[in-house]
Amino acid sequence: MLSPKKKLSYYSIFTDEISEDNKNRILFSTRSSQAFVVNEKIYQALTNAQFQQIPKKFRQKLMNGQLLVDEAEQELQTIIAENNQQIDTNNVLYQVIQPSAMCQLGCDYCGQEHKKVNLSHPLADKLVERYRFKILSEPERYKTLYIGWFGGEPLMALQEIRLMTRRFQTLASELGLNYGAKMVTNGLSLKPKLFRELVKEYKINHFEITLDGVAEFHDSRRHTKEGHQTFDLIFENLKKIFALPDFRELNCTVSIRCNVDKRNYMGVSPLIKQMAAHQFQDFISHFYVASVYSWGNDAHLKSFSKEEFSEMEIDWLIEQFEHGFTPGLIPGRVKSVCLSVNPSNEMVDAYGNLFNCTEVSYVDVYQNTPYVLGNLKLDKTDSVYERPLANWNEEVLENKYQCHSCRMLPVCGGGCPKSWHEDMRACPTNKFNITEKLLLAYLQTKLEITEIKN
């Protein structure tokens, strides 16, 4: 007999019946990211707390999947404790660098102010010493130094990237750490020869590139500052990169992001078709669509509501499957929502300013605010800085935001803390379309669903 001290986890989500002929439902745990197909009898037993009616071996599966938990457990406290433990024991020193304040593009939704300024050699010297200080402050903790190259457009400072990477690699080798990097780039300068160089010599193992729909839509918003079109150049770069004879051996992933608002959403479906026509589905790690958000400006006012966008996302996911893409559907656990919550992670811009949020640099409204932690010119340590957003998990626990009572918290971590602080709802699309995604996963591949039968 099952102990009465069990309960159905609060972080459980049921779909409706799979179909008129199939009365089974999908049960999903946001705590474990496991999904199960359960029949009507088990569904009724779970919802009516009659757990003894569930066969023992299936009860054990549900307990292992954190769907049946101890009745006395304060689940929110457990989740926050697990998140904090992940942050406290993380052994990767992740640092974001914006080596240039310049970008060739004049995207109309971007809030950054671009200037022809690159990170100077004296600041690079201080950055190396800063990373050395961080690593040696906890000599038993870190196993990897991992750099995120961000912008502006990072490839506007290619020579600085080369020089700094060599020094970071030397530092990592000297201190017994692994080294790796990723890059967010507009892709305009990412020619195949440069791609291979960055991967092989400078250990960049992931690139993210943005295409805001097909050329008609992309070029109306992601043009150069002089108004020149960019879609065809970026798309051609990608085609040539994927055509490299050693592309797969390079073991580098490429993802494509599409920023969407009410002006370009009609370009998503044609983009999926155009990518499929050139077999991108065989080469990219994933393609995803993101709603345009505020970047210290009013860009979000042209975006769809969370609910509207979530409905469209399902259609785009279906289209991806129809064209041979394999988008992720079942969200995984998120214990560290962003670099803001990790006291060791930070970002530095081309002026040497330090931040613990990637969305505030080069933006006028955030100058002279607590988001600017300090500057490399002043100090190599971070012990004196107060970090806004760092107490995000505690704020959720204290019921300062609706994340406190959201069943999706374990798989989103709360979304963007900065957005919540600015009174903007930061819920990801999964909150609004998770049941549709579970059903789509079931239809596409039952391998992702563990079926439970009585």
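User: What makes the meeting of the Arg425 and Glu307 side chains a salt bridge?

Analyst: The N to O distance between Arg425 and Glu307 is 3.2 Å, and a salt bridge is defined as a side-chain nitrogen of Lys or Arg within 4 Å of a carboxyl oxygen of Asp or Glu, so the pair qualifies. This is a predicted model, in which local features need pLDDT of at least 70 and side-chain atom pairs count only at pLDDT 80 or more, while totals for chains, interfaces and linings use all residues. Residues are numbered from 1 along each chain as its sequence is written, and side-chain values use heavy atoms, with hydrogens and water left out.

User: How do you know whether Glu197 and Arg162 are buried or exposed?

Analyst: Glu197 has 18% relative accessibility and therefore counts as buried, and Arg162, with a relative accessible area of 18%, is buried as well. Their side chains meet in a salt bridge at 2.7 Å, N to O.

User: Which residues have the most contacts inside the largest nonpolar core?

Analyst: They are Ile97, Trp149, Phe168, Phe195 and Phe287, in a core of 75 residues; such a core is a set of buried Ala, Val, Leu, Ile, Met, Phe, Trp, Tyr and Cys residues joined through side-chain atoms within 4.5 Å.

Technical notes. Buried means under 20% relative accessible area, exposed over 50%, partly exposed in between (1.4 Å probe, protein chains only).
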